[in-house]
Amino acid sequence: MRKRWLDGYLLLGVLLVALDQGTKALAQECLRGGDVPLIPGVFSLSYLENTGAAFGSFAGRTGVLAAATAALLALVLWRYGSIPREKGYGPLRVAFALVLAGGAGNLIDRVARGYVIDFFYFSPINFPKFNVADICVTVGVAGFVLLALFAYRGGIDFLWQKRPAAGRDNRQKEETKMTVMQAIEARRSVRKYEDRPVEQEKLDRVLEAGRLAPSARNEQEWRFVAVRSAQARAALTQACGQDFVGEAPVILAVCAGNPRTMRCGQPAHVIDASIALSFMMLEAEEQGLSCCWIGSFDAEAARAAMNVPPELEIVALTPLGYAAESPAPRPRKPLADLAVYDRF
Ligand SMILES: Cc1cc2nc3c(=O)[nH]c(=O)nc-3n(C[C@H](O)[C@H](O)[C@H](O)COP(=O)(O)O)c2cc1C
């Protein structure tokens, strides 16, 4: 499986580690002879071998500090993997990369030299000497706090949320008696499935949820197709052009007939079929099964694969089976951006 934490932002981290190590080597080479004032009386380059942590704390306890830093870095890297791969999360990835780079830069010093090289010095306030790695950690942590407070008000729960285990099964859910809201919250689009059949009783429950869905004028102009044969699934998978669809032992198709536009201007049959599939997907969740709504498919090829009569349209498909992955929740816009009371 593709590792979620291997990306270009970590390359930025690697470059920063190189910058940190390069400047430290330069400092060791050039600054040991004496300070170099950059802004006289304010800011200078001043060499220091620090055996402690920030601000000289824990002096001499290099082993403890190295172990603590390594554990902290492992934790940050692990949680980095939970950040969704959306463009909007780039700044959060940069903040993590900065913290990781700074932590790694000073860890390398502690392990390789037994001390950390600091060389930036603000003399008017006698601020403890620091280095590029310290700047990275400080900017990264400050950036993270600012992003959490002001940018991601929709939540960054994914950083501490435990992901459900892949291939959850119904036993666990029956014990906990899943509510509708829990099913809504737990549902994910799953794109990797176990090679394991779906029990007939579970499939019946899923189809029953579709049968009980509401429809305009209660017309129920829908048909549900549970595709199980390997041949038909292969043909449907080809119609979708999305290989994971065929991994699931069942592909559900929802078809709608009797096209009718309601007074509001919306197509009743498409809306009815969509509601039915939504209900089925939530019941699938309750049954410990997973789905992924598929709207991207060649309608004529799908029609041929299932022998759908001409009076019906295929509105949507979904694979249905046991998940072999546990995707992180995809981001959602904050409710404040979506809902208004009374009027716009
Ligand atoms: C109308 C519709 C069409 C979709 N079509 C596809 C599709 O063709 N392929 C796919 O992998 N996912 C498809 N999806 C799944 C969305 O990408 C997914 O729901 C969205 O990214 C949110 O992720 P989540 O379902 O895990 O919360 C579709 C979803 C909807 C509602």
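Modeller: The crossing of α7 and α9 is right-handed. The model is a predicted one, and within it α7 and helix α9, the latter spanning residues 268–286, pack at an angle of about 145°. Their axes are 7 Å apart. On the side of α7, the contact is formed by Arg205, Val206, Leu207, Ala209 and Gly210. From α9, the residues that take part are Ala276, Leu277, Phe279, Met280, Leu282, Glu283 and Ala284. Sorted by class, the contact of α7 with α9 comprises nine nonpolar residues, one polar residue and two charged residues.

Strand β5 (residues 250–256) pairs with strand β7 (residues 313–321) in the antiparallel sense, through seven bridges.

The ligand may be considered next. The residues around it include Arg188, Ser189, Arg191 and Gln242, together with Cys292, Trp293, Ile294, Gly295 and Ser296. Pro327 and Arg330 are also among the residues around the ligand. By class, this shell has four nonpolar, four polar and three charged residues.

As regards the division of the chain, domain 1 covers 8–159 and domain 2 covers 170–321. The C-alpha centres of domain 1 and domain 2 are 50 Å apart.

Helix α1 and helix α3 (residues 90–112) pack at an angle of about 35°, and their axes are 8 Å apart. The crossing in which α1 passes α3 is right-handed. Among the residues that meet are Leu10, Leu12, Leu16 and Val17 of α1 and Val94, Ala97, Leu98 and Ala101 of α3. The residues of the contact of α1 with α3 divide into 12 nonpolar, three polar and four charged.

Helix α1, residues 8–30, also lies across β2 and β3, and runs at about 80° to β3. The sheet concerned is open and has three strands in the order β1-β2-β3, paired antiparallel. Here β1 (36–39) and β3 (116–122) stand at the edges, each with a single partner strand, so one side of each lacks a neighbour in the sheet. On average, and with direction ignored, neighbouring strands of this sheet are turned by 35° against each other. Strand β2 (residues 43–50) runs antiparallel to β1 and is joined to β1 by three bridges. Within this pairing, Pro37 has Ser44 of β2 as its bridge partner. The hairpin of β1 and β2 has three residues between the strands, and Gly41 takes a positive phi near 80° in this hairpin.

Technical notes. Residues are numbered from 1 along each chain as its sequence is written. This is a predicted model: local features need pLDDT of at least 70, side-chain atom pairs count only at pLDDT 80 or more; totals for chains, interfaces and linings use all residues. Two strands pair if DSSP finds at least two bridges between them. Helices (H or I, at least four residues) and strands (E, at least two) are DSSP runs, numbered from the N terminus. Axes are lines fitted to C-alpha atoms, for helices over the stretch in contact, and angles run from 0 to 180 degrees between N-to-C directions. Two residues are in contact if their C-beta atoms, placed from the backbone, lie within 7 Å. Domain bounds come from an automatic or database domain assignment. A crossing is left-handed if the near helix is turned anticlockwise from the far one by less than a right angle, and right-handed if clockwise. Ala, Val, Leu, Ile, Met, Phe, Trp, Tyr, Cys and Pro count as nonpolar, Asp, Glu, Lys and Arg as charged, and the others, Gly among them, as polar. A residue is near a molecule or strand if its C-beta atom, placed from the backbone, lies within 6 Å of it.
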